[in-house]
Amino acid sequence: MYMLEFFQAAFQPMNLMLTILMILVLIYWITVILGALDFDFLDFDLDGDVDIDADVDADIDLEGGGGSGGKGFVSFISWFNIGKIPFMIVFSIAIFTMWMSSILLNHYIGNTSFIIAFLLYIPIFLFAMFITKIATDPLIPVFDKLNFRGEKAIDLEGKTGLVLFGIENKEVGQADIVVGDKHFKITISSLDGLPIRKGDKIVIIEKKEKFYLVNKVGD
């Protein structure tokens, strides 16, 4: 497939939607490079915006087991590194992979039907997400040492906060830690294995690879 054919195929109806998304992604990164937008524009915090605070609005009783779906969703998207590195990096790689896959697949199977192309989006999306995970895994240690804006990571050991998602046994939950004017939504696990309820005050004891070990403070 020659370059001219490739770009002609990109603007065919079966690929047009992904081409538009790819153009928007390119515009985003061009504006970031030129300084018109901050790097974290359109970014979001997995623990805050995905939305852990929604359990407050919906009054989900996680201690009673009603919040397992929320935890499961956070764990699912976290597996694809959303929240571990800036969202726009994940989104950009996924869209680029889908765009390339759609153009090449439709070309080589000779598809010109928008309906068939739309149905192909499902396997293409799944393929793109796995490729994105593989591509972004090496970036996690880099962004783990940064707060997505080039600052040095803040040592949270010894800091206190409030539990957003309660935990029992060896399960993980979520807590909100405030350091100065910054909020950190972190994944936590109980150091001694005792239950910790939503709203409890905790202190961070130790940082593990994917979560913090904490103890409950007070009664």
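Mentor: Start with a pair. Lysine 216 makes a salt bridge with aspartate 200, and their closest N and O atoms are 3.7 Å apart. The two belong to distant parts of the chain, 16 residues apart: lysine 216 sits in strand E5 (residues 212–216), and aspartate 200 in the loop between strand E3 (182–190) and strand E4 (201–207). Bear in mind that this is a predicted model.

Trainee: Why is the pair of lysine 216 and aspartate 200 called a salt bridge?

Mentor: The cut-off is a Lys or Arg side-chain nitrogen within 4 Å of an Asp or Glu carboxyl oxygen. Here the closest N and O atoms are 3.7 Å apart, so the pair qualifies. Side chains of opposite charge can pair when their charged atoms come close.

Trainee: Is lysine 216 buried or partly exposed, and what makes it so?

Mentor: Buried means under 20% relative accessible area, and exposed means over 50%. Lysine 216 has 37%, so it falls in between and is partly exposed.

Trainee: What about aspartate 200, buried or exposed?

Mentor: Its relative accessible area is 14%. That is under 20%, so aspartate 200 is buried.

Trainee: How many salt bridges does the structure hold?

Mentor: It holds 3. One of them joins lysine 185 to aspartate 176, with the closest N and O atoms 3.5 Å apart. Another joins the side chains of lysine 133 and aspartate 137, at 3.4 Å from N to O. Both distances are within 4 Å, so both pairs meet the definition.

Trainee: Which label does lysine 185 get, buried or exposed?

Mentor: Buried, because its relative accessibility is 19%, under the 20% limit.

Trainee: What are the labels for lysine 133 and aspartate 137?

Mentor: Lysine 133 is at 15% relative accessibility, so it counts as buried. Aspartate 137 is at 32%, so it counts as partly exposed.

Trainee: Now the helices. How do you know that the span of helix H6 (residues 87–109) agrees with its number of residues?

Mentor: Helix H6 has 23 residues, and at 1.5 Å a residue they should span 33 Å. The end C-alpha atoms are 32 Å apart, so the two values agree. Just after H6 comes glycine 110, with a positive phi of about 70°.

Trainee: Which residues make the nonpolar surface patch?

Mentor: Phe11, Leu16, Ile20, Ile23, Leu24 and Ile27 make it, with about 530 Å². Leucine 16 lies in helix H2 (residues 13–34).

Trainee: What makes leucine 16 partly exposed?

Mentor: Its relative accessibility is 33%. A patch residue needs over 30%, so leucine 16 passes that limit. The value also lies between 20% and 50%, so leucine 16 counts as partly exposed.

Trainee: Where is glycine 158, and what does it touch?

Mentor: Glycine 158 is in the loop between helix H8 (140–144) and strand E1 (160–165). Leaving out residues up to four places away in sequence, it touches Val203 and Ile204. Contact means heavy atoms within 4.5 Å. Glycine 158 and isoleucine 205 are 47 residues apart in sequence, but their C-alpha atoms are 6.0 Å apart in space.

Trainee: What does the chain hold as a whole?

Mentor: It has 8 helices and 5 strands. From the N terminus the order is α-α-α-α-α-α-α-α-β-β-β-β-β. Of its 219 residues, 37% count as buried. The accessible surface is about 12800 Å², with 66% belonging to carbon and sulfur atoms.

Methods. Residues are numbered from 1 along each chain as its sequence is written. This is a predicted model: local features need pLDDT of at least 70, side-chain atom pairs count only at pLDDT 80 or more; totals for chains, interfaces and linings use all residues. Side-chain values use heavy atoms; hydrogens and water are left out. Helices (H or I, at least four residues) and strands (E, at least two) are DSSP runs, numbered from the N terminus. The expected span of a helix is 1.5 Å times one less than its number of residues. Buried means under 20% relative accessible area, exposed over 50%, partly exposed in between (1.4 Å probe, protein chains only). Patches are made of residues with over 30% relative accessible area and no salt bridge: like charges are joined within 9 Å, nonpolar side chains (Val, Leu, Ile, Met, Phe, Trp, Tyr) within 5 Å. Accessible areas come from the Shrake-Rupley method with a 1.4 Å probe; for residues, only the protein chains shown count as cover.
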